[in-house]
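Hi everyone, thanks for coming. Please have the sequence and the model open, and let's walk through them together.

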Amino acid sequence: MSNATDDAVNAASSDGTSRYRARFAHLAPDHFRSRYGLWLSSIGLGTYLGGVDVQIDDSYVESIQGALRQGCNVFDTAINYRFMASERAVGRALKMIFAKGEFQRDEVVVCTKGGFIPYDTHAPADWAAHLQETIIAPGLASAAEIVEGSHCIAPDYLSNQISTSLANLGLKTLDVYYLHNPETQLAHINPTEFMDRLRRAFTRMEEEVEKGRIRFYGVATWGGFRAEEHDRQYLPLFLLAKVAQEVGGDQHRFRFVQLPYNLTMPEAFTSNNQVLERLDAEKRIQQVRVPLLAAAVQHGIAAMISAPLRQTQVFGKVPASVKTALLPAEGDAQVALQFVRSTPGVTSALVGMRRVEHVEENLALAAIDPLPQKEFLKRFTRRP
């Protein structure tokens, strides 16, 4: 993509994110990570928390602009966060800062999610009637495709949600679009039906890429990638990658996953719950079990980390030995973030930051080198 500054540049680009990275040459060299031609900051801003009111909206707008000015170019939201208010706050912040000429659209990586059926500002009085009028009657999905009255990954419904997210964000293209907690479906349908629904959803995502409405897609999960294989909500990454290859070929755009990982939820790094298929010397398929982060690397998929601070629940629980290992990071927030962004296979740690002081504290870490991979593995890999 070119360096053009007009409306032709509708998404993050190699030139744009390289230009953004060059603005922050004073930060640690590994603060920005290269993925699929884009440079992504190792600390991103999340927008999950908070009520629906003008003060919180304004606070997010201020924080997003402050984060951009301090070396954060990854912004994560979802259509259902704060009844669509989070997407709209991200859109307002970006519109303001682009209008000032401080940054351009192609420097910024914007990620959102769809799957949970969102409210718009407030809950409808009759939810069942709302589903019938807005989803079922227009033919976006059948009643059978909606689980728990709140989750749907039917193709037409997802396309509708992409349209709404684009409008909320004031954008023409989404850089990453996640299917939001698809494991929710597995509590109500069998794995075969689930994979069929996922295949149809992935097919639609590839079509949305061709239309230019999204650049990449993925799955954002809470429990699916942390669960063990016998668990009902377990998601096997190798099967998801196979589906993407089947529907999109070798150039498929299923290139991102999101999952929680922190000092108290280490499964992405410690649990050998994912399967890799490899050929042995006699060309026979062998299955090897590895953690999610290792599997993602092998499949060429970027891992974006949610809940790196577990909504402050890690505070007061950071062992002294971990603090010492991760110096010069200081304070529980910085230490916890340093642990996550230093973990092999992690692209960005997505931190909820709706206050400017939190932006300043967390992004001060961008000037500090992550722990080298060899040193991280030495200090934090469990020995038998």
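Let me start with a term: pLDDT is the predictor's confidence in each residue, on a scale from 0 to 100. We need it because this is a predicted model. The protein chain averages a pLDDT of 94, and 97% of the residues score at least 70. One stretch to treat with care is residues 1-8, where the pLDDT is below 50; beyond near neighbours in sequence, that stretch has 15 contacts in the model.

Now the overall picture. The protein chain has 13 helices and 12 strands. Its C-alpha trace spans about 60 × 60 × 45 Å along the principal axes. What radius of gyration would a compact globule with 384 residues have? It would be near 21 Å, and the protein chain has 20 Å, so the two agree. Of the 384 residues, 54% count as buried. And if we take contacts with a separation of 6 or more, 75% of them come from residues 24 or more positions apart.

Let's zoom in on one residue, Tyr178. Find it in strand S6, which covers residues 174-180. Is Tyr178 buried or exposed? Buried means under 20% relative accessible area, and Tyr178 has 0% relative accessibility, so it counts as buried. Who surrounds it? Leaving aside neighbours within four places in sequence, the contacts of Tyr178 include Asp76, Cys111, Lys113, Val219, Phe256, Gln258 and Met304. Take Gln258 from that list: it is 80 residues from Tyr178 along the chain, yet their C-alpha atoms are separated by 8.3 Å.

Strand S1, residues 32-35, pairs with strand S2, residues 38-41, in the antiparallel sense over 4 bridges. In that pairing, Ser34 stands opposite Trp39 in S2. There are 2 residues between the strands, and in this hairpin Tyr36 takes a positive phi near 55°. Stay with Trp39 for a moment: the charged end of Arg21 sits over its ring, 3.8 Å from the centre. You can find another such arrangement where Arg226 lies over the face of Trp222, at 5.6 Å from the ring centre.

That brings us to aromatic rings. A pair of aromatic rings is described by the distance of the centres and the angle of the planes. How many aromatic pairs are there? The count comes to 17. In one of them, Tyr20 and Phe103, the ring centres are 5.7 Å apart and the planes are at 50°, so the pair is tilted. Tyr20 lies in helix H1 (residues 14-23), while Phe103 is in the loop between helix H3 (85-99) and strand S5 (109-114), so this pair ties together parts that are 83 residues apart in sequence. Both Tyr20 and Phe103 are buried.

Then there is Phe339 with Phe380, an edge-to-face pair with 5.2 Å centre to centre and 85° between the planes. Phe339 belongs to helix H11 (residues 331-342) and Phe380 to helix H13 (residues 373-380), so the pair links distant parts of the chain, 41 residues apart. Phe339 and Phe380 are both buried. They also belong to one aromatic cluster, together with Tyr261, Phe269 and Phe376.

Technical notes
Residues numbered from 1 in each chain as written. Predicted model: local features only at pLDDT ≥ 70, side-chain atom pairs only at ≥ 80, totals over all residues. Heavy atoms only, no water. Buried < 20%, exposed > 50% of the residue type's maximum accessible area, 1.4 Å probe, protein only. Contact = heavy atoms within 4.5 Å. Pairing = 2+ DSSP bridges. Phe/Tyr/Trp six-rings, centres within 6.5 Å; stacked < 30°, edge-to-face > 60°. Lys NZ or Arg CZ within 6 Å of the ring centre and 35° of its normal. Rg over C-alpha atoms; globule rule 2.2 N^0.38 Å.
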